[in-house]
Amino acid sequence: MKIKGILLFGAVFSLSLSAYGNGLISINKKAEYHDEELIASNIVKECNNLGYQFSRSTKKFLGKHGFASSLDPELDIQPEGYSLKLTILNAHSARYISGAHKKSVSIEAELYKNGDLIDSLKTTRNSSGGLFYKFKSSCSVLERCVHTLGNDVAKWISRNHKI
């Protein structure tokens, strides 16, 4: 009975992996800043979760689009398979006199196959803080931006690439 269960599990597991196509997309666990000197020092110091949030959100939304992915502490562009390098190009944080936020984050996503760059995406998201903006920290609004950008990256891959 145990052998049948193991065989059944193996068959179901291999079928579930085949639903993801050719394999796993390896993502850097933390999207680094392209150039920290371009980013306001208070954002770099205070919003230290921004790069992690962007990578986690990208992984989450890739899963919702049917892609298997993993977060790798040290992303090496894989000689086999797919790698996704995420970078934060710029982040801007200001506040209006009314208390409304004026935030933006610009990112780049580079998709590699077997070590070769096959496509890239650069895009920006802006936020004024949404509902209850007066009660939100600057970092939480910037994290909302990168969360949405993670979805943008997943949609871009879903629309343009068969993995």
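Mentor: Arg-125 is partly exposed, because its relative accessible area is 33%. Buried means under 20% relative accessible area, exposed means over 50%, and partly exposed lies in between (1.4 Å probe, protein chains only). Keep in mind that this is a predicted model: local features need pLDDT of at least 70, side-chain atom pairs count only at pLDDT 80 or more, and totals for chains, interfaces and linings use all residues. Residues are numbered from 1 along each chain as its sequence is written, and side-chain values use heavy atoms, with hydrogens and water left out.

Now the partner. The side chain of Arg-125 meets that of Asp-152 in a salt bridge, at 2.8 Å from N to O. The term stands for a side-chain nitrogen of Lys or Arg within 4 Å of a carboxyl oxygen of Asp or Glu. Arg-125 sits in strand 6 (residues 116-127) and Asp-152 in helix 4 (residues 138-160), so the pair ties together parts that are 27 residues apart in sequence. Helices (H or I, at least four residues) and strands (E, at least two) are DSSP runs, numbered from the N terminus. Asp-152 counts as buried, because its relative accessible area is 15%. A search of the whole structure finds one salt bridge.

Gly-150 and Lys-60 are 90 residues apart in sequence, yet 8.1 Å apart in space, C-alpha to C-alpha. Lys-60 belongs to helix 3 (residues 50-64). Lys-60 is partly exposed, with a relative accessible area of 41%.

Step back to the whole chain. There are four helices and six strands. From the N terminus on, they run α-β-β-α-α-β-β-β-β-α. Of the 163 residues, 38% count as buried. Take contacts (heavy atoms within 4.5 Å). Among those between residues at least 6 apart in sequence, 67% join residues at least 24 apart.

Charge also gathers elsewhere. Glu-32, Asp-35, Glu-36, Glu-37, Glu-74 and Asp-76 form a patch of negative charge on the surface. Patches are made of residues with over 30% relative accessible area and no salt bridge; like charges are joined within 9 Å, nonpolar side chains (Val, Leu, Ile, Met, Phe, Trp, Tyr) within 5 Å. Lys and Arg count as positive and Asp and Glu as negative; His and the chain ends are not counted. Glu-37 lies in the loop between strand 2 (32-33) and helix 2 (41-46). At 76% relative accessibility, Glu-37 counts as exposed.

Technical notes
Areas by Shrake-Rupley, 256 points an atom, 1.4 Å probe, with all protein chains shown as cover. Charge placed at Lys NZ, Arg CZ, Asp CG, Glu CD.
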